[in-house]
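Good morning, colleagues. Please look first at the sequence and the structure on the screen, and then I shall take you through some of the features.

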Amino acid sequence: MAESDILRRWLEEAGDDEILIDPEDINLEAAANTWSFSPPDDELNQITVAGVEHFINEIIEKRRARLNGQEMTFYCWHDFQTRQLRFGLVSKSHGRIPFRCEVEQTTELSSVIEQVVNDDWLNDQYFRCEADYEGYVECQETPFVLLVFVANLAG
């Protein structure tokens, strides 16, 4: 698959970063091992679901190669507020991923990638609400559940 310039840059930026492993402190691991990406408007035409999914799969393989026998949990999600694709690693021994909201875990990477690419980055109506006749903005409130792709990695 031919990579776009932006996905190639993202891979160069995060592909070989060091991984902090501290099975005693999930918050320290999460903070040190989180990466985030969002394309600038002038490069949106280079973004596809297949391309971003390929990028994440390459990141997973690069992370796996750096684990030196450690078992870690890789997780990837769409950060709605910042319009970013994020991913991170924590030690598998924690038995959880570091979120304080309700989470729906999935092993289908494409579901998270489709959400960030199609529903956000390539959607110019993303997060727009209708103003009522007095100018107040009302958005439909639904319970928030964060969709997170999760994969166990062993080095």
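This is a predicted model: local features need pLDDT of at least 70, side-chain atom pairs count only at pLDDT 80 or more; totals for chains, interfaces and linings use all residues.

Of the 155 residues in the chain, 41% are buried. If we take the contacts between residues at least 6 apart in sequence, 76% of them join residues at least 24 apart.

Let us now consider two of the helices. How are H3 and H4 oriented to each other? Helix H3 covers residues 49-65 and helix H4 covers residues 109-121; their axes lie 9 Å apart and the packing angle is about 135°. An angle between 115 and 145 degrees is neither roughly perpendicular nor roughly antiparallel, and H3 and H4 are therefore oblique to each other. The crossing of H3 past H4 is right-handed. On the H3 side, the contact is formed by Val49, Val52, Glu53, Ile56 and Asn57, while H4 contributes residues including Ile113, Val117 and Trp121. Sorted by class, this contact comprises 7 nonpolar, 3 polar and 2 charged residues.

My last topic is Glu43, which sits in the loop between strand E1 and H3. Is Glu43 buried or exposed? Its relative accessible area is 12%, under the 20% limit, so Glu43 counts as buried. Apart from neighbours within four places in sequence, Glu43 contacts Ile6 and Arg9. With Arg9, the side chain of Glu43 forms a polar contact of 2.6 Å.

Technical notes
Residues are numbered from 1 along each chain as its sequence is written. Side-chain values use heavy atoms; hydrogens and water are left out. Axes are lines fitted to C-alpha atoms, for helices over the stretch in contact, and angles run from 0 to 180 degrees between N-to-C directions. Helices (H or I, at least four residues) and strands (E, at least two) are DSSP runs, numbered from the N terminus. Angles under 35 degrees count as roughly parallel, over 145 as roughly antiparallel, 65 to 115 as roughly perpendicular and the rest as oblique. A crossing is left-handed if the near helix is turned anticlockwise from the far one by less than a right angle, and right-handed if clockwise. Contact means heavy atoms within 4.5 Å. Ala, Val, Leu, Ile, Met, Phe, Trp, Tyr, Cys and Pro count as nonpolar, Asp, Glu, Lys and Arg as charged, and the others, Gly among them, as polar. Buried means under 20% relative accessible area, exposed over 50%, partly exposed in between (1.4 Å probe, protein chains only). A polar contact is a pair of N or O atoms within 3.5 Å; within protein, one must be able to donate a hydrogen and the other to accept it, and residues adjacent in sequence count only if both atoms are side-chain atoms.
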